Amino acid sequence: MDDEDLEIIMEDGDDFALDEGEPVTTKSKTSCMKNLKIVLKDKVENKTKIETKKSTPRKKDTDDIISNLIKVYPNVLDDEYCDYLIDRFEKEKDLHHKISTERRSFAQLHIMDSNFGVKGADGWTEDSEKLISSFDDLFKKYVKDCKIDKFQLPEKYAWEGLRIKKYEANKIDEFQNHVDVLDHDAARRFLTFFCYLDNNSGGATDFPVYGWRGKLHKKMLFHSPSKKGSVILFPPMWPWLHRGNRPKRKPKYIVQTYLHYV
Ligand SMILES: [Fe+2]
């Protein structure tokens, strides 16, 4: 108990005072102390309740923290360059890796060596440098826009090898609700980047609101459409639950990377 608690007690201390003219006996002293304890307990509990109410963020505030750290920057890559990347990707079909698991289905091409030990396809060095340079400029903008302090992020960082991904409009390809860090290896990731390489009426990235016992709601916290040249940035950790929806009528293409702790 601190002095502040005692001050509150003394404000209306009449609750435990002896009646005027009452003789001070052992019995009256015990009764007085009992009252003092009850009032003191009550005051401390009330004070705790008030403080808890003040310091606990409302649900809306918590949602805002998640969505405030998701940023979309339009027209980062121009249309011609997006078309060129898709064209080259399609010409190197033999090098595509098909990923198909319970929650995800798409084809991808590594265009840069990955720090997870995957070798990038040959001949993409110039494009990789160009893309990483654009993403690095965006990273600086994101830090500023999100009002992130210098000490919150590492001075040195690395880029995960770039990948181009293609989701066919076949009602199979999609990336269901997931997060981007699930193990120690992936925990080096601290920021997700990807650029949509074509417009698609489906294929949006959605961040669903989740509630009690992890039940997923249909309501979206953040919706990012597949817009040619737009880049989305967000933290890859577990609170940023997201999904890549099925594309409609034509394939969806993205080029993706992450920032890593080193
Ligand atoms: Fe993801």
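What covers the buried residues of helix 5? Keep that in mind while we set up. You're looking at a predicted model, where local features need pLDDT of at least 70, side-chain atom pairs count only at pLDDT 80 or more, and totals for chains, interfaces and linings use all residues. Residues are numbered from 1 along each chain as its sequence is written.

**The whole chain.** Colour by secondary structure: the protein has five helices and 12 strands. These are DSSP runs numbered from the N terminus, H or I of at least four residues for helices and E of at least two for strands. Of the 262 residues, 21% count as buried. Buried means 20 or more other C-beta atoms within 10 Å of a residue's own, exposed means 12 or fewer, and partly exposed is in between, with C-beta atoms placed from the backbone.

**Helix 5.** Select residues 125-145. At 1.5 Å a residue these 21 residues should span 30 Å, and the end C-alpha atoms are 30 Å apart, which agrees; the expected span is 1.5 Å times one less than the number of residues. Now show L131, F135, L138 and Y142, the buried residues of helix 5. They cover an arc of only 60° around the axis, which puts them on the same side of helix 5. That arc is taken from the directions from the helix axis to the C-beta atoms. Back to the opening question: the cover includes strand 1 (71-73), strand 7 (189-196), strand 10 (231-234) and strand 12 (252-261). Following helix 5 is K147, with a positive phi near 55°.

**Helix 4.** Next, select residues 79-91. Here C82, L85 and F89 are buried. Looking down the axis of helix 4, you'll see its buried residues fall within an arc of 60°, so they line one face. They pack against strand 3 (104-110), strand 5 (163-167) and strand 12. The face turned away carries exposed E80, D87 and K91.

**The core.** Show C195, L197, V231, L233 and V255: of the 34 residues in the largest nonpolar core, these touch the most other members. Such a core is a set of buried Ala, Val, Leu, Ile, Met, Phe, Trp, Tyr and Cys residues joined through C-beta atoms within 7 Å. Finish on V231. Leaving aside neighbours within four places in sequence, V231 is in contact (C-beta atoms, placed from the backbone, within 7 Å) with Y73, V76, L138, F193, F194 and C195.

Terms used
Two residues are in contact if their C-beta atoms, placed from the backbone, lie within 7 Å.
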